[in-house]
Amino acid sequence: MISKSLLLTYLYLLIYILLSSGVILYNKWVLSPKYFNFPLPITLTMIHMGFSGAVAFFLVRVFKIVSPVKMTFEIYATCVIPISAFFASSLWFGNTAYLHISVAFIQMLKALMPVATFLMAVLCGTDKLRCDVFLNMVLVSVGVVISSYGEIHFNIVGTVYQVTGIFAEALRLVLTQVLLQKKGLTLNPITSLYYIAPCSFVFLFVPWYLLEKPEMEVSQIQFNFLIFFSNALCALALNFSIFLVIGRTGAVTIRVAGVLKDWILIALSTIIFPESTITGLNIVGYAIALCGVVMYNCIKVRDVRASQVPADGLPERISKDWKLEKKSSDLFVPNSNGENNGGNGSFSHSNIDEEAAPLIASSRLSHIGRTQVSSHTV
């Protein structure tokens, strides 16, 4: 008989999958000119950041549910600000991609996250260029290229936006490891939003003022309070569902849930948005890319276990494996977009949603495999 604890874990995973998929589809519906027609991705992302920052402020400063970390000016200037800048960039570019390409194709492009993260890690000196990993990255890239070739409504502008957002998110993940972990700073979902969301809001203000404010002044843009409030609330709920999942499962379980979520999302997007049809070549390319991602994760898990579990006895080996599963939840920093992201440190190419919603704190940089949650694009 299944225990109550296990049932609760499955329930949390189900809630995460539903919320993650829902936030991404909701963001697409709001931004798409064919539906709600609010083609202002920076504005939408700023709404998310402002809402999540305000909620985090009340939880930390007013209700005192959690205590703020010891944040010095040096840590804020050298860690929080650059991480927030790339976080804001990944959300901006990821959400903008929804204006040009389908949800299904965006999910397929997100398979490039481990490639981008690996390249950024090598350039920043936090990882080494290895033949086996490099071949996996080539396999992932080939799969994405095949998937792109099979895309019926391929749009170069949307593809460039999405890929740019992926590399911005990858650089943010690497910076999170290099900067925050070296400072010994651990952020939970609430404190991560408390520090990073307001800073990301400020970074988004500049492109918003230059690009979208003039358009809002001359266009008849509809603003429905209920729509935007519920959209931001769903993204915030996704953020906390990720927290619950992380507390009860390990990195491998979340990766599997992320892959399942991606397939469900691709299928749902073709039903809800008829224009986002997928072809057999799309599926073949995405399957090839996923094979590369799975192989990459297996290599990382093997490497970590080889380095941390030498010649221990079986009880110690089991204990260390369990700790390894849980250790990946030590660092929790927001990320990603309208899954991009939000919705999002990386569990897998699906980044527990750095891609799903802009306010998702999904990017825990796991030592098992630095690949992209949401966004998810939040």
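Hi everyone, let me start with Asn37, which is partly exposed at a relative accessible area of 35%. In these terms, buried means under 20% relative accessible area, exposed means over 50%, and partly exposed is in between, with a 1.4 Å probe and protein chains only.

Before going on, a word on the source: this is a predicted model, where local features need pLDDT of at least 70 and side-chain atom pairs count only at pLDDT 80 or more, while totals for chains, interfaces and linings use all residues. Residues are numbered from 1 along each chain as its sequence is written, and side-chain values use heavy atoms, leaving out hydrogens and water.

Back to Asn37. Where does Asn37 lie? Look in the loop between α1 (4–31) and α2 (41–62). Helices here are DSSP runs (H or I, at least four residues), numbered from the N terminus. Asn37 has a positive phi of about 60°, although it is not a glycine.

Lys64 is another non-glycine residue with a positive phi, near 55°. You will find Lys64 in the loop between α2 and α3 (73–97), and at 62% relative accessibility, Lys64 is exposed.

Now to helix packing. Two packed helices are described by the angle between their axes and the distance between the axes. The axes of α1 and α9 (residues 225–248) come within 8 Å and cross at roughly 150°. Axes are lines fitted to C-alpha atoms, for helices over the stretch in contact, and angles run from 0 to 180 degrees between N-to-C directions. α1 and α9 are therefore roughly antiparallel to each other, a label for angles over 145 degrees. By class, their contact has 19 nonpolar, seven polar and one charged residues. Nonpolar covers Ala, Val, Leu, Ile, Met, Phe, Trp, Tyr, Cys and Pro; charged covers Asp, Glu, Lys and Arg; the others, Gly among them, are polar.

Next, α5 (residues 113–124). Its 12 residues should span 16 Å, and its end C-alpha atoms are 16 Å apart, which agrees. The expected span is 1.5 Å times one less than the number of residues. Among the buried residues of α5 are Met113, Phe118 and Met120. Just after α5, Gly125 takes a positive phi of about 80°.

Finally, is Thr176 buried or exposed? At 0% relative accessibility, Thr176 counts as buried. Thr176 lies in helix α7 (residues 156–183), and its side chain reaches the backbone oxygen of Arg172 at 2.8 Å.

Note on methods:
Helices (H or I, at least four residues) and strands (E, at least two) are DSSP runs, numbered from the N terminus. Angles under 35 degrees count as roughly parallel, over 145 as roughly antiparallel, 65 to 115 as roughly perpendicular and the rest as oblique. A polar contact is a pair of N or O atoms within 3.5 Å; within protein, one must be able to donate a hydrogen and the other to accept it, and residues adjacent in sequence count only if both atoms are side-chain atoms.
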